[in-house]
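Me: I have not looked at this one before. Can you walk me through it, beginning with the core?

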Amino acid sequence: MSGRLLQLAWRNLWRNRRRTLITMTAIAFGYAMLLFVACLMAGLRWQMIENGTSLVMSQIQVHAPGYYPDHSIQKTLGGRKGTDVQAMLAVVASDRRVYAATPRVYGYGLLSAAPRSAGVELMGVVPTQHPKVTILNSEITQGKYLTAGVPKDVVLGDKLASTIGMRLGSEVVLLTPAADGSMGNDVYTLVGIFHTGLDTVDRSLVLMTLPALQDLLHLAPARIHEIGIKLNDITAATTVAATLGSQLSKTVPVRAMAWPELAPELAGYVQFNRGITFVLFSIFFLMAVIGVMNTMLMAVFERTRELGMLMALGMRPAQVIMLIMAEAAGLAVASLLVGAALGVPILWYLQVHGLNLGGAAGGVISLAGVVVGHLWYGRQDFLAYSEAAIGLAITALVSALYPAWRAAHFRPTEAIRKV
Amino acid sequence: MTIIAWNYRTAAFLLGFALLGGGHVARAADAVKTQPVRMTVDRVAHLFSSKSSIATVKMQIVNEDGQRDIAMKIWSLGDKTIVRIISPQDEAGVAILKVGSDIRYYLPKSNRTVKIPASMAMTSWMGSDFTIDDLVKETFLVRDYSITTSFEGQRGGIAVYEYTLTPKPEAAVVWGKIVLQIRQADAVPTWQGFYDEDGKLVRQLTFSDFKTMGGRLIPTRLVMQPADKAGEHTTIDYQDVVFDVPISEETFSLPNQK
Amino acid sequence: MTALALGLGLALLLVSLGLLDGGHEQTIADGVRFGPGHVVIQAKGYQDTNSDELLLPARIVSTITDFLQTPNMKRLVRGVSPRLLATGLLSSSANSSGVRIMGVIPLHERAVSLIPQRMIAGTYLTNDNNLTGVVLGDDLARKLEVKIGSKVVLMTQALVPPNTAGKDGSGDEMESTLLRVNGIFRTGLQAVDANIIQVQLPAAQTLLGIADGQVTLVALLLDREGDSPLVARALRKQLAADPVEVLTWRQSIPMLAQILELDHAFNYIMNGVILAMVGLGILNTILMRVLERRYEFGVCKAVGLRPGQLAIMIIGESLALTSISLLLGLALGLSIEHYFASSGLDLRLLFRAGLPPALVFDPILYSRLSLNRIIWSVGIVFMMATVISFYPAFKAARTELPDALKVL
């Protein structure tokens, strides 16, 4: 394609300024909207994953092989002997993609606050480190969070508290099958009540300090069930899990699981979300095909005489096709640039200020097991932006094929005579 | 939702309840016209039943987590049963009181009594070697099964009868069949096998160390083994048991009951 | 070209709206079908306490079913299912597990619950005399190591209804019953697949010692979610003298209501974006078409047509073209939409490997387009097309002759 052809194409576009501008505006606006949608959807996905994993689960969990999904108390990291917990944490933290890591112990048992009792899930955490990985501590509505060094405090959900009839300061007895087969039991004080909005969590999760739970379960300090990890980039979860898994396995056999494995419902929703974005893109491309084809057809027929003359003067059909295609390409590129320019302030606004749906959706809601607020922040999804741009460019080229083909088939003698 | 899986040890306690659960003496058997075989089986089923009893028992649980030995004393009167653990040290003083289907635990370490809710009580015995049949209900072997004699003769130098018990169509039992082997001479059981509907052996109970205690000839050692977990079993040894003795109602109480 | 843009645009709009609305309705339907239906009638206080001992007397159940047979109600209601709920222990030869028992009438339950449609082995319960059938989730089946036809024993405590002179808190002895596994289902919801079992209602009643036909609740499935408040109100009036509570799904499953709010807001935005995109396409083509005809208009005026007449001609043409395009678009849109309404759009085809294997929601999306939406869509597109052709029409009508003819 010669430079002169490109120049010609560009100039042709601007000969009918109004038409070109109209089409360009339409495509530019359309592209800006795609950017808006992609940004919003990316933000929604991020928020859902963030909320879903930050509450209790964390983005990556490292267990002993075989621990999941039965959660057998005996299957601690490193087997019965346990492991050097600090060393493992250090290995994990040395990966730059990791934001924070924390050890956890799990159990299940009976909680009794006379005269009622209920089956509960016990989670032993390190109060100083756990808030870096999950936000559970910020969901406390009454009382306070756990304090390191105060082993007899427990924190639990509001639904559990109301079902059993407990208040802050209530005495709580925990009964659980311990690791050695005996009946672990002890008395604790309720110091904090949380509300997450997730029914299962509010109804059955009991938080206590890690050493206290190890004590209750008759587990040695070196024995923990899990390391919970929070990442800097949520989307890298699966790759980081794989890396950490192989790294840690050099000393202790582990299984590192990323959140898509731990919460398939959430992963399913994320995929669904992507799919919707794809559908919207497709609708836009479809409309764009019509718009561009229409424009190019008019451009071609309007210049019948001129094109005929060019061909009579020796321009080959192939060159005519390339000319038309180049015009379409130029149109597309120009539109994309304008659209991108339009989009930047929108994207910036979405990321910084977010979209407030306060009117449409009241309060905090739970979707696919995740709590989502009514303020939606956008997130930059450059991949989607590029995909949209490329898709648009291809659409423009494809739309121009028919007009180009028609132009190439003008019979020069007839064309010249056309008024 | 989490379901509690109590361990073998808890389940075994409750095995004690059932074996000694009194009250329902063989009145059902009396009412029904019985053949000698049915009467024999019925007697076996109620070997440990009485209006009241006091037993000293040692239990050993062997599973993948290791071995655990527990000594306890069990009192039983009507539908009330109380188990007090004597050893090991960290469990001594734990008591379990069962009145009907109400179950409460006393925990000396916390000095509290905890009520196990009915639903939890029902779920608390799964994951163990024992099913509910063993633990809560009376085993109405005669009522629920039709019995045939499947073998009569010598096994291991002892003359035995072997009965195959097939559940009646309406009976609420999970087994495909139960095979019971007793000694011809004194009608004490030596072996009981529990099979699923496909004829596969799921678990077996072996009786041995026959002694006369409390006026009855009983097997003082019972060993329950699951068929699919090699090396795992629970052994119960009766060190002493007396039947139909007066027991005061106060025995069946726990401290700090709210 | 213009006609194509208009028609296609309208068709796209109709199809998207239909699918989005359908998806929304379906989310509601799925949500309520896993739970107590669009409207639920239960004993007063049940919502707060969830106490299994709070039951509905049989006569109230008859009142409800009779009332729902009246013509006004009958056309709104798709299914009525009385249910008895309790907790128990299910044992097999291999294992036991705590379960939530649902005593149902299979034929009625089929019309309300999604469980009958999620069978992966065996069959759902049938309304025959076999009272010993049970269906359970695949997680539970795996745990108990049972298959179709296996024996299981269900044990539970007989319920002591609050108004009978009860014994002390210890409750009655346990009741057991033999059941055989009729079918195994998979909903994808772990809470359901690992915990819920369904048995015949009479069997459950016998097991729980209920002699007079009491149930825990009556769940209703309606044809249109939007009728929920209406039906609830009517029932409340009918049962005003009874100690019951009639709740719409928003009240009985507040969590679902919140999810729907989110979905609604989401759809709102999507509708807006699609409309804007379609609008852009239409505007583009129309604008250009009209603008390009300046030469033609110039000729008309040169030949003697007055500006007013020209304007009318342009507008008239535009209206005619728009109307035809819209009709075509309507035809195209509605036929595609009808296809999706009856056969549904299989999302799996769209997303290929993207979706996880065990989907909770139905991967087939059915379109649900209301007359309201159709009118609204046609109206908006028509207005857009017409308004946008006015401006250039008037401009063209006022163009000076020489200018117009200069186009060439």
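Reply: The largest nonpolar core has 194 residues, and those with the most contacts inside it are A:Ile60, A:Val154, A:Leu156, A:Leu207 and A:Ile324. A nonpolar core here is a set of buried Ala, Val, Leu, Ile, Met, Phe, Trp, Tyr and Cys residues joined through C-beta atoms within 7 Å. A residue is buried if 20 or more other C-beta atoms lie within 10 Å of its own, exposed if 12 or fewer, and partly exposed in between, with C-beta atoms placed from the backbone.

Me: Which helix gives the most to this core?

Reply: Helix 2 of chain A, residues 17-57, gives the most, with 23 residues. Helices (H or I, at least four residues) and strands (E, at least two) are DSSP runs, numbered from the N terminus.

Me: And what is A:Leu156 in contact with, leaving aside its neighbours within four places in sequence?

Reply: A:Leu156 is in contact with A:Ala161, A:Leu190, A:Ile193, A:Leu205, A:Val206 and A:Leu207. Two residues are in contact if their C-beta atoms, placed from the backbone, lie within 7 Å.

Me: What does a second core include?

Reply: A second, separate core has 83 residues, including B:Ala45, C:Val104, C:Leu207 and C:Val246.

Me: Before going on, how are things numbered, and where does the model come from?

Reply: Residues are numbered from 1 along each chain as its sequence is written, while chains are lettered from A and ligands numbered from 1 in the order in which they are written. This is a predicted model: local features need pLDDT of at least 70, side-chain atom pairs count only at pLDDT 80 or more, and totals for chains, interfaces and linings use all residues.

Me: OK. How many helices and strands are in chain A?

Reply: Chain A has 14 helices and 14 strands. Its radius of gyration is 31 Å, well over the 22 Å that the globule rule gives for 419 residues, so chain A is more spread out than a compact globule. That radius is taken over C-alpha atoms, and the globule rule is 2.2 Å times the number of residues to the power 0.38.

Me: What does the C-alpha trace of chain A span along its principal axes?

Reply: About 100 × 50 × 25 Å. Buried residues make up 50% of the 419 residues in chain A.

Me: Which domains does the assignment give for chain A?

Reply: Domain 1 is 3-52 + 266-417, and domain 2 is 65-253. The bounds come from an automatic or database domain assignment. The centres of the two domains, taken over C-alpha atoms, are 50 Å apart.

Me: Switching to chain B. What is its secondary structure?

Reply: Chain B has six helices and 13 strands. Of its 258 residues, 41% count as buried.

Me: How many residues of chain B are in contact with chain A?

Reply: 22 residues of chain B are in contact with 20 residues of chain A. On the chain B side, strand 5 (102-107) and strand 6 (112-116) are the elements that give two or more residues. Strand 6 of chain B gives the most, with four residues.

Me: What is that side made of?

Reply: The residues on the side of chain B that touches chain A divide into ten nonpolar, three polar and nine charged. Ala, Val, Leu, Ile, Met, Phe, Trp, Tyr, Cys and Pro count as nonpolar, Asp, Glu, Lys and Arg as charged, and the others, Gly among them, as polar.

Me: Is A:Ser58 buried or exposed?

Reply: A:Ser58 counts as buried, with 24 C-beta neighbours inside 10 Å. A:Ser58 lies in the loop between helix 2 and strand 1 (60-63) of chain A.

Me: Last topic: where is confidence lowest in chain B?

Reply: Confidence in chain B is lowest in helix 2 (residues 27-31), at a mean of 32, and highest in strand 10, at 92. The score is pLDDT, the predictor's confidence in each residue, from 0 to 100. Chain B averages a pLDDT of 75, and 76% of the residues score at least 70.
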